[in-house]
Amino acid sequence: MAAAVETSCSEFLNWEVESSVCNELKQEKQLSASQRRCYSFCRRKSFAAFVASVQSGCQVKGRATWCCCGQTFSEHSAIHKHVAKSHNSEVQQLTEAAYEHLLKQLEQEAEPPKECKAEVADISVWIPDISQVSEENLRNGPGKVLLYYHYCQLDDPHVICAWQKALCEKLHLTGKIRVAAEGINGTVGGTNVATDIYISAMLSHPVFKMEKEDFKTSDGGAECFTDLKVGVFKEIVPMGMDPDAVSYKLAGTHLDPEEFHKEVEALLANGDSSDDTILLDCRNFYESKIGQFTRCLAPNIRKFSYFPDYIDQNLELFRNKKVLMYCTGGIRCERGSAYLCSKDVCKEVYQLKGGIHKYLERFPEGFYRGKLFVFDERYTISSNNDVISDCRYCGLPWDQYELCSTQFCCQLVLSCPSCRKKGCTACCPSCQRKGETQDKEASDVQHPKEECECTDTRARIPQDV
C-alpha cells in the first residue's frame, strides 16, 4: 500500500477531487475498518506532503526550515502545529484526493481472485486435542500472561493468522498477536492450563523452532485484555521501516541477563570515566519514566516508529561508542540494533536477550529500578518496591498510570489517589479545562486526539547530542 501512494509532493497537489468522494469521506463511519486504515494512511502521507511542499531551500545552523503564511519555521513541531491549525482544509482535500487515487490504483492492479490459502490449509492438524481438558480449567482458575516473539520466514502469514485465531479462541485466550512474513509477536492471557497448552502448540509447530525460554510469563490472565486481536502486518513490531531494508538478521550481539548485568555493573563501577559506553533504553518515554536501568539514556520519544529518526538526529552521540540496548521483551532491540548497526558509527552494539522481563526473572533486585510497563490493562508489573516517578500534580512519588479523563485524549497520567479525589484526573491543566467544559456542554464535534500541553511541549524527535 505504501508504494501505491509514495508519490512526490507535486503529484499530491495536482490531483483533483471528485465531490462525490468528498461527501462520502465526510461520513467516515460508513467506511469499513480496512478503508478507515487506508484513509488514515492517506491523511498522514498528505500531511507530510504538504509540510514538504513548504520547505525552503535555505538552512539555519545546518537545519532545514519551512516558509508558510509569511512565517519561517525551524522546528518540525512548529511547522506541524501551524499546518494542523491553519491548513486543515487543504490537507483534507489532499487526503481525499490521495484516497481516491489509491482506490483506483488498487482496482487497476487487482489480480483475478484466487482461492484463499487460509481457507484451504488444514489448520486443524496444528490444533491440539484438548478433549480431556474441562472447560472449567480453560476458563477459570489461576492465570498468567505470556509475552513472546520469534523471527522466521513465513511463506503464508494468513494461514498462521487463521491458526492463531482458532487456537486462542479454543483456549479462551485474549490478547494481541501480530503476524508478518518476518515472524510472529504476541502477548496473550488465560488460565495456567490454557497458556501451557498454547506454549506446547507453539513449540510443536513445524515452522516455529522455538524454545520454552522464548516465552516470558507474569501474573495475570484473560482479564488483562479486553478481547483477542490477531492480524497480519508488514512488521511484527511497528518501527516504520521495510523489514527487507532493515532486517532482524543484522541485529547486534545478544547478551543473556548475566552477561548484561556484568556490563552494567562495570559501567556503573567506572562512573564518569566510562564515557565510551551508552546504556540505551529503546522504549517510549512513558515506559522509561516509571522504570529504567541506572544511568541509562532514555529517549523522550512516544512511539517506536520515531526511534530511527532519533538515531539519525543524534548520530554523533553514538559515534565510536559501545552501546548496550534494552527493551521490554527484546523484540524492539532486534530491529532497533539492526538500524543502529546499519549506520556503521558504533564501536560495538549489544542487546539484552529476553529484555527486561528475563533480566528481572534473574535479577529482581538488580540494576533495573521501578516498574515495568506492559501493554495491557495492568499497565505495570514490578519486582522491586522502588518508585522513581512522581504525581503529575503534587509531585509525591507515584507510578500507577491511568488514562487521561478527557474525551479523545489517549495520554497516560500519573495522578495519586489524593489528587484524583480533588478531580485532578487529566494529563495536564489544558486537558483538565477541556474536561470541565465537556462535562457542562455535550458536543458532537470530535476534537483531534492528544492535542494538549503534553504533546505541544514535547519535541517529536528529541536531540540529545
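In this predicted model, the buried residues of helix α10 pack against β9 (253-255), β10, β11 (291-293), β12, β13 (348-352) and α15 (355-362). Elsewhere, the largest nonpolar core contains 31 residues, and a search of the whole structure finds 18 salt bridges.

**Helix α10**

- The 14 residues of α10 (residues 257-270) should span 20 Å at 1.5 Å a residue, and this agrees with the separation of the end C-alpha atoms, which are 20 Å apart.
- Pro-257, Phe-260, His-261, Val-264 and Leu-267 are the buried residues of α10, and because they fall within an arc of 125° when seen down the helix axis, they line one face of the helix.
- The exposed residues Lys-262 and Ala-269 are carried on the face of α10 that is turned away from its buried side, while Gly-271, just after the helix, takes a positive phi of about 60°.

**Nonpolar cores**

- Within the largest nonpolar core, the residues that touch the most other members are Leu-280, Phe-307, Tyr-310, Phe-318, Met-325 and Leu-340.
- At least two residues of this core come from each of β4 (143-151), β10 (277-281), α12 (307-313), α13 (315-318), β12 (322-326) and α14 (331-342), with α14 giving the most, five residues.
- Because domain 2 (141-232) and domain 3 (248-381) both give residues to this core, it lies between them.
- Leu-280, leaving aside its neighbours within four places in sequence, is in contact with Leu-297, Pro-299, Phe-307, Phe-318, Val-323, Leu-324, Met-325 and Tyr-326.
- A second, separate core is made up of 30 residues, among them Ile-127, Leu-138, Leu-171 and Ile-197.

**Salt bridges**

- Lys-347 forms a salt bridge with Asp-276, with the closest N and O atoms 3.6 Å apart; since Lys-347 lies in the loop between α14 and β13 and Asp-276 in the loop between α10 and β10, the pair ties together parts that are 71 residues apart in sequence.
- Asp-276 counts as partly exposed, at 33% relative accessibility.
- In the salt bridge between Arg-283 and Asp-281 the closest N and O atoms are 2.8 Å apart; Arg-283 is buried, with a relative accessible area of 1%, and Asp-281 counts as buried at 0% relative accessibility.
- Asp-386 and Arg-369 meet through their side chains in a salt bridge of 2.5 Å, N to O, and this pair ties together parts that are 17 residues apart in sequence, because Asp-386 lies in the loop between β16 (380-381) and β17 (401-403) and Arg-369 in strand β14 (residues 368-370).
- Asp-386 counts as partly exposed at 27% relative accessibility, whereas Arg-369 counts as buried at 18%.
- A network of salt bridges links Glu-182, Glu-235 and Arg-335.

Key
Residues are numbered from 1 along each chain as its sequence is written. This is a predicted model: local features need pLDDT of at least 70, side-chain atom pairs count only at pLDDT 80 or more; totals for chains, interfaces and linings use all residues. Side-chain values use heavy atoms; hydrogens and water are left out. A nonpolar core is a set of buried Ala, Val, Leu, Ile, Met, Phe, Trp, Tyr and Cys residues joined through side-chain atoms within 4.5 Å. Buried means under 20% relative accessible area, exposed over 50%, partly exposed in between (1.4 Å probe, protein chains only). Helices (H or I, at least four residues) and strands (E, at least two) are DSSP runs, numbered from the N terminus. Domain bounds come from an automatic or database domain assignment. Contact means heavy atoms within 4.5 Å. The expected span of a helix is 1.5 Å times one less than its number of residues. The arc is that of the directions from the helix axis to the C-beta atoms. A salt bridge is a side-chain nitrogen of Lys or Arg within 4 Å of a carboxyl oxygen of Asp or Glu.
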